[in-house]
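Have a look at the structure, then read on.

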Amino acid sequence: LVDYGALTKFAKAGVDLLMSDSTNAETPGVTPSESSVGPVLRDLIEKAEGRVIAASFASHVHRVQQICDAAVGAGRKVTFIGRSMITNSRIARELGYLTIADGDIVEPERAAKMPPRKVLVMCTGSQGEPLSALARMANGDHNNVNIEPDDTVVIAATPVPGNERAVNRVINRLAKAGATVAHRGSLHVHVSGHAAAEELKLML
């Protein structure tokens with residue numbers, strides 16, 4: 001890794017530079033398309049008998065869009081929970097990056113009073129952060145969402161290295177509360193945002 005000043009010096013000296021991702025360099029083949037997740041999410045959300053709770057990176061706007069589209073298509077209202085999820089979804093909608101009608105969004109307090117089959121909760125906590133919305137739900141101390149046996153929880157992310165134990169702890173607590181938990185290890189609900197070895201080889 002070099003800083004911007006060093007890069008500028010190299011460029012002025014006529015040195016060719018190629019900067020490349022390396023996160024999935026040891027993963028063979030190619031990373032599946034993000035679009036491959038959509039049909040799985042739609043099928044999962046349509047078939048869920050109770051409430052659906054989906055956790056993702058708040059900054060992953062395309063994934064949030066996929067989940068919102070699936071929810072609306074299944075006749076569900078969406079409620080955003082978690083500080084960064086609320087903020088990012090608002091800004092993304094204002095900028096036109098996230099498309100969902102005002103009428104398809106409800107406040108958490110209203111969602112809590114609706115039939116579970118008509119609700120999807122879009123929240124933070126895909127990395128098992130102790131104070132995140134999903135972790136608090138799993139611990140039974142969230143203000144608006146108590147995990148029920150008919151709930152389906154979708155964790156649409158891969159644990160960042162070092163977060164595996166925290167994520168598994170949340171999954172265990174959700175399962176103990178009776179929820180059905182879908183994650184990358186059980187269903188195709190997430191693809192990496194990083195290129196795999198074959199793609200990196202072609203790029204280089």
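## A tyrosine in a loop

Let's begin with Tyr 97, which sits in the loop between α4 (83–95) and α5 (108–111). Helices here are DSSP runs of H or I with at least four residues, strands are runs of E with at least two, and both are numbered from the N terminus. Tyr 97 is exposed, at a relative accessible area of 61%. The terms work like this: buried is under 20% relative accessible area, exposed is over 50%, and partly exposed is in between, using a 1.4 Å probe and protein chains only.

Together with Ile 91 and Leu 95, Tyr 97 makes a nonpolar surface patch of about 340 Å². Patch members have over 30% relative accessible area and no salt bridge, with nonpolar side chains (Val, Leu, Ile, Met, Phe, Trp, Tyr) joined within 5 Å and like charges within 9 Å. A salt bridge is a side-chain nitrogen of Lys or Arg within 4 Å of a carboxyl oxygen of Asp or Glu. Areas come from the Shrake-Rupley method with a 1.4 Å probe, and for residues only the protein chains shown count as cover.

## About the model

This is a predicted model, in which local features need pLDDT of at least 70 and side-chain atom pairs count only at pLDDT 80 or more, while totals for chains, interfaces and linings use all residues. Residues are numbered from 1 along each chain as its sequence is written, and side-chain values use heavy atoms, leaving out hydrogens and water.

## A positive patch

Arg 165, Arg 169, Arg 173 and Lys 176 form a surface patch of positive charge. Lys and Arg count as positive, Asp and Glu as negative, and His and the chain ends are not counted; each charge is placed at NZ of Lys, CZ of Arg, CG of Asp or CD of Glu.

Arg 173 belongs to helix α7 (residues 164–176), and Arg 169 lies in helix α7 too. Both are partly exposed: Arg 173 at 38% relative accessibility and Arg 169 at 39%.

## The cysteines

How many disulfides are there? The count is 0, a disulfide being a pair of cysteine sulfur atoms within 2.5 Å. The sulfur of Cys 68 is 12 Å from the closest cysteine sulfur, that of Cys 123, so the distance is too far for a bond. Cys 68 is buried at 1% relative accessible area, and Cys 123 is buried at 0%.

## The whole protein

The protein has 8 helices and 5 strands, and 40% of its 204 residues are buried.
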